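Have the viewer open as you read.

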Amino acid sequence: MKLIKALTLMLVAPTLLSAQATLNLTKGKTHNVALESTSTVSQGTSGKDVTIKSDYYISYCYKVTDITPETTTFSIWYDRYKHMSTEMPATIHLRIDTSIPAASTDYIARMAHAMVGKPVTMILDNTTGQVVKTLGAEELFAAIADDIKAAPEDEVDMGQYMTNVILKGYLDLLEGIAALHPSAGNTGSEWTTATNLGIITDTYIPYAIAGKANVAKSSSKYSTIDVRSAVTNANDNSATINGVKVQYNLSGTYASSITVSNKTGWLKKGATTTDITGTISSMGREMPVKVNIKTKLIGK
């Protein structure tokens with residue numbers, strides 16, 4: 001159950017994929033992205049299928065703190081995190097909402113509360129759209145250190161899971177937005193896309209996404225980019241979890257439709273769907289896994 005519990009904290013901020021481009025932002029301005037996501041993870045274990053449904057709402061803040069010809073620097077945090085995971089049909093495993101007080105014994109919710117408004121710094125390459133440096137991750141984890149020390153043993157690892165999810169979500173969403181502004185905003189323009197995403201358990205299990213993006217429509221203010229991609233294995237198809245080597249075999253599809261500002265390159269709205277099936281094998285046991293993630297994004 002520990003693996004599927006961790007899988008419910010799957011990365012929910014999508015890498016949006018696109019062409020080579022740069023952002024055109026203003027130093028000192030704060031941009032926001034509201035994310036709503038539903039993920040369903042099914043795993044075969046102990047002779048039966050276990051399905052976890054997770055619903056998320058996350059309000060991200062990206063403040064532009066510095067701009068040079070080569071890079072753009074952001075201070076990034078979330079001001080609300082809402083998450084409920086349910087083992088189907090109706091057993092609630094996890095419920096977090098940082099807009100309401102957390103119970104003193106709900107250490108996972110307390111960790112999420114402690115990270116509200118705690119910024120990390122990410123430096124973005126203006127040419128490639130990739131994050132070249134992340135600063136402040138240790139400070140983010142330190143914000144929940146007291147709750148981790150007080151938490152029951154089976155919840156201690158959740159603090160690291162949550163920190164990983166949040167940091168990877170910040171990075172993927174930022175890189176995706178940066179890459180989406182088309183270098184040529186003509187309707188019908190098409191290009192190849194490729195990136196890696198991943199499932200966060202006790203480690204990070206990557207998968208590759210590659211396909212085609214095109215400018216579905218464009219006006220004087222906005223461009224809408226559609227992406228259709230295949231999901232395949234990444235790296236050597238293995239990861240190490242708690243000192244044990246795990247083999248995985250994943251495949252599926254990824255699709256998105258994202259609207260961005262032609263002036264700034266920043267996200268206006270978007271939607272993504274990811275479907276993955278495969279197996280995870282360890283110590284002679286093979287478990288089937290099925291994942292579906294649907295996400296809506298609103299930016300300003």
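This is a predicted model: local features need pLDDT of at least 70, side-chain atom pairs count only at pLDDT 80 or more; totals for chains, interfaces and linings use all residues.

Leaving aside its neighbours within four places in sequence, which residues is F74 in contact with?

## Around F74

F74 is in contact (heavy atoms within 4.5 Å) with L23, L25, Y62, K63, V64, T65, V120, T121, M122, L124, L174 and W266, once neighbours within four places in sequence are set aside. F74 also belongs to the largest nonpolar core, which has 60 residues. Y62, F74, Y170, L174 and W266 are the ones that touch the most other members there.

A nonpolar core here is a set of buried Ala, Val, Leu, Ile, Met, Phe, Trp, Tyr and Cys residues joined through side-chain atoms within 4.5 Å. Buried means under 20% relative accessible area, exposed means over 50%, and partly exposed is in between, using a 1.4 Å probe and protein chains only.

Residues are numbered from 1 along each chain as its sequence is written, and side-chain values use heavy atoms, with hydrogens and water left out.

The chain averages a pLDDT (the predictor's confidence in each residue, from 0 to 100) of 77, and 76% of the residues score at least 70. Over residues 1-21 the pLDDT is below 50, though this stretch has 106 contacts in the model beyond near neighbours in sequence.

Strands and helices are DSSP runs numbered from the N terminus (E, at least two residues, for strands; H or I, at least four, for helices). Two strands pair if DSSP finds at least two bridges between them. β11 (residues 244-261) and β12 (residues 267-282) pair antiparallel over 14 bridges, and S257 sits opposite A271 in β12. Five residues lie between these strands in the hairpin, where G265 takes a positive phi near 80°.

β12 also runs antiparallel to β13 (residues 285-299), joined by 14 bridges, with T272 opposite T295. This hairpin has two residues between its strands, and M283 in the turn has a positive phi of about 50°.

## Charged pairs

How many salt bridges turn up in the whole structure? Three, each being a side-chain nitrogen of Lys or Arg within 4 Å of a carboxyl oxygen of Asp or Glu.

K27 pairs with D66 at 3.9 Å; K27 is exposed at 54%, and D66 is partly exposed at 30%. K53 and D55 come to 2.8 Å. R80 meets D97 at 2.9 Å, N to O. R80 lies in β3 (residues 71-87) and D97 in β4 (residues 91-97), so this pair ties together parts 17 residues apart in sequence.
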